[in-house]
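Here are my notes for you on this one. Have a look at the model first, then read on.

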Amino acid sequence: MEIGKVFTIKLNSGEELITKVVEITRDNIIIEEPVSIAPGQQGMQMIPSMFTANPKGKFTLNTTSISLYAETDDHIRMKYLEATTGIKVPEKKIVLG
């Protein structure tokens with residue numbers, strides 16, 4: 001896991017988070033803007049992980065709660081950045097001339 005990158009984290013509870021890692025300590029990972037993945041009518045959707053907390057805050061995740069983690073797929077990472085910042089990242093396209 002690396003600071004400043006977006007990771008997908010599977011918790012022991014089965015919940016899946018997408019979040020940016022801002023700090024790593026011995027027992028915890030400090031994350032920001034975590035979203036949970038939930039099934040919806042149009043497929044998988046990103047929803048706030050905590051509804052009553054400031055979504056722009058930093059959150060502490062205990063490492064014993066994590067069963068798996070991986071760097072988030074580029075396509076999903078772009079959707080996460082769009083959802084958390086409001087900035088739409090254009091898709092990479094190859095121009096052939």
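1. Helices are DSSP runs of H or I with at least four residues, strands are runs of E with at least two, and both are numbered from the N terminus.

2. A word on the source: this is a predicted model, where local features need pLDDT of at least 70, side-chain atom pairs count only at pLDDT 80 or more, and totals for chains, interfaces and linings use all residues. Residues are numbered from 1 along each chain as its sequence is written, and side-chain values use heavy atoms, with hydrogens and water left out.

3. The C-alpha atoms fill a box of roughly 55 × 30 × 25 Å along the principal axes. Of the 97 residues in the chain, 26% are buried (under 20% relative accessible area; exposed means over 50%, partly exposed in between, with a 1.4 Å probe and protein chains only).

4. Among contacts (heavy atoms within 4.5 Å) between residues at least 6 apart in sequence, 49% join residues at least 24 apart.

5. Now take a look at Thr64, in the loop between strand 5 (58-62) and strand 6 (66-71). Is Thr64 buried or exposed? Thr64 is exposed, because its relative accessible area is 60%. Its C-alpha atom is 7.7 Å from that of Asp27, 37 residues away along the chain.
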